[in-house]
Amino acid sequence: MNNSVLLQEELIKKSQQKRRTSPSNFKVRFFVLTKSSLAYFEHRSGKKRILKGSIELSKIKCVEIVKSDISIPCHYKYPFQIFHDSYVLYVFAPSQTSCQKWVLTLKEGNCS
């Protein structure tokens, strides 16, 4: 497993709603992209990061920027989506530059 960090940043993710009763909510997570996986952690000031999820890059089917006329309910206004397995992970970046960088790097990592 290659642990070389390609990108890392605090982003917001939308719940994947894997269960019918799970609420739609938005959480700040610290994302780390390596050459083999995308992981996200809960990060509380002064405490150790807790792994909340991880996706192997080989499982990612598609990554794309989301364009929508609907109001975005969190303060990071630049969304992109990651299709993996049978789920869609919606992630919100703080800037257009950040969003584009994540999408491009994920696509490059997924194609190699």
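# Strands, a helix and a core

Me: Which residue stands opposite Val32 in strand 3?
Reply: Val32 stands opposite Ala39 in strand 3, where strands (E, at least two residues) and helices (H or I, at least four) are DSSP runs numbered from the N terminus. This is a predicted model, in which local features need pLDDT of at least 70 and side-chain atom pairs count only at pLDDT 80 or more, while totals for chains, interfaces and linings use all residues. Residues are numbered from 1 along each chain as its sequence is written, and side-chain values use heavy atoms, with hydrogens and water left out.

Me: How do strand 2 and strand 3 pair, and what joins them?
Reply: Strand 2, residues 26-34, pairs with strand 3 in the antiparallel sense over four bridges, and two strands count as paired if DSSP finds at least two bridges between them.

Me: Is strand 3 mostly covered or mostly open?
Reply: Strand 3, which spans residues 37-42, is mostly covered, since five of its six residues are buried. Buried means under 20% relative accessible area, exposed means over 50%, and partly exposed is in between, using a 1.4 Å probe and protein chains only.

Me: Ok, zooming out, what's the overall pattern of the chain?
Reply: The chain has one helix and seven strands, and along the sequence they follow the pattern β-β-β-β-β-β-β-α. Of the 112 residues in the chain, 38% are buried.

Me: What does strand 1 pair with?
Reply: Strand 1 runs antiparallel to strand 2, with nine bridges between them, and Leu11 has Arg29 as its bridge partner in strand 2. Strand 1 also runs antiparallel to strand 7, joined by two bridges, and there the partner of Lys13 is Val91.

Me: Which residues touch the most others in the largest nonpolar core?
Reply: That core has 19 residues, and Phe31, Phe80, Ile82, Trp102 and Leu106 touch the most other members. A nonpolar core here is a set of buried Ala, Val, Leu, Ile, Met, Phe, Trp, Tyr and Cys residues joined through side-chain atoms within 4.5 Å. Helix 1 gives the largest share of this core, with four residues.

Me: What does Ile82 touch?
Reply: Leaving out residues up to four places away in sequence, Ile82 touches several residues, including Leu38, Ile60, Val88 and Leu106; contact means heavy atoms within 4.5 Å.

Me: What about Thr105, is that buried or exposed?
Reply: Thr105 is found in helix 1 and is buried, with a relative accessible area of 17%. Setting aside its neighbours within four places in sequence, Thr105 is in contact with Leu6, Leu7 and Leu33.

Me: Where is Leu57 then?
Reply: Leu57 lies in the loop between strand 4 and strand 5, and it is buried, at a relative accessible area of 4%. Although Leu57 and Leu33 are 24 residues apart in sequence, their C-alpha atoms are 9.1 Å apart in space.

Me: Switching topic, how many salt bridges are there?
Reply: A search of the whole structure finds two, where a salt bridge is a side-chain nitrogen of Lys or Arg within 4 Å of a carboxyl oxygen of Asp or Glu. Glu42 forms one with Arg44, with the closest N and O atoms 3.7 Å apart, and Glu42 also meets Lys52 at 3.8 Å, N to O. Because Glu42 lies in strand 3 and Lys52 in strand 4, this second pair ties together parts that are 10 residues apart in sequence.

Me: Last one, how many disulfides does the structure hold?
Reply: The structure holds zero disulfides, a disulfide being a pair of cysteine sulfur atoms within 2.5 Å.
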